[in-house]
Amino acid sequence: MNHKEAKALIHNYYDMLNKPQTKDLRTLRSNLSEKWRSFSGENASKGKEEFLGQVTGFAKLITELEWKVLKILFDGNKIVVRSEAKVTPVGNLFEVPKTGKSFCIMIIDIHTIGDRKFLSDCHVEDWDGALKQLTSK
């Protein structure tokens, strides 16, 4: 897969996460390999269906989700993406009551690509920053 094709795949992935309640997640599902795993820690991961369930859950909790890709780096079949998510929760988030406040966090993803599909994703999100923004006075 060349960089242009990989970049298109990446932008499609993040577009599916941008206001996911307005999207048909079958497109996202079809871009993930059957054995795809999302890793948020050394011993913390979820499979394809669990991840899609999480996206569906977030779509109900966070109706205003704007995901912006800021930087893409390529290294063989690995693609590093630095992005930003602007979020306004419509309910309690991580036990923080709904306040109407928004937050903006940075996210770093390392995607592994093979056969024109995502094989895995290792990611870090600034949830501590999100909580500070939601609870600040």
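Mentor: Let's start with a term: contact means heavy atoms within 4.5 Å. This is a predicted model, where local features need pLDDT of at least 70, side-chain atom pairs count only at pLDDT 80 or more, and totals for chains, interfaces and linings use all residues. Residues are numbered from 1 along each chain as its sequence is written, and side-chain values use heavy atoms, with hydrogens and water left out.

Trainee: Okay, which residues does Ile105 touch, not counting those up to four places away in sequence?

Mentor: Ile105 touches Ser83, Glu84, Ala85, Glu125, Asp126, Trp127, Gly129, Ala130 and Gln133. Ile105 sits in strand S5 (residues 103–114); strands (E, at least two residues) and helices (H or I, at least four) are DSSP runs, numbered from the N terminus.

Trainee: Is Ile105 buried or exposed?

Mentor: Buried means under 20% relative accessible area, exposed over 50%, and partly exposed in between, with a 1.4 Å probe and protein chains only. Ile105 is buried, at 3%. Leu70, in strand S3, is partly exposed at 34%. Leaving aside neighbours within four places in sequence, Leu70 is in contact with Arg82, Ser83 and Glu84.

Trainee: How do I read the side chains along strand S4?

Mentor: In a regular strand the side chains alternate between the two faces of the sheet. In S4 (residues 78–88), Ile79, Val81, Ser83, Ala85 and Val87 point to one face and are buried.

Trainee: Which strands pair with S4, and in what sense?

Mentor: Two strands pair if DSSP finds at least two bridges between them. S3 (residues 64–75) and S4 pair in the antiparallel sense over 11 bridges, with Glu84 as the bridge partner of Lys68. S4 and S5 also run antiparallel, joined by 10 bridges; there, Val80 has Ile110 as its bridge partner. In the hairpin of S3 and S4, with two residues between the strands, Gly76 takes a positive phi near 65°.

Trainee: And helices? Which residues of H3 are buried?

Mentor: An α-helix has 3.6 residues a turn, so residues three or four places apart point the same way. In H3, the buried ones are Lys48, Phe51, Leu52, Val55 and Ala59. They cover an arc of only 100° around the axis, which puts them on the same side of H3; that arc is taken from the directions from the helix axis to the C-beta atoms. The buried residues of H3 pack against helix H1 (3–17), helix H2 (26–31), strand S1 (32–41) and strand S2 (44–47).
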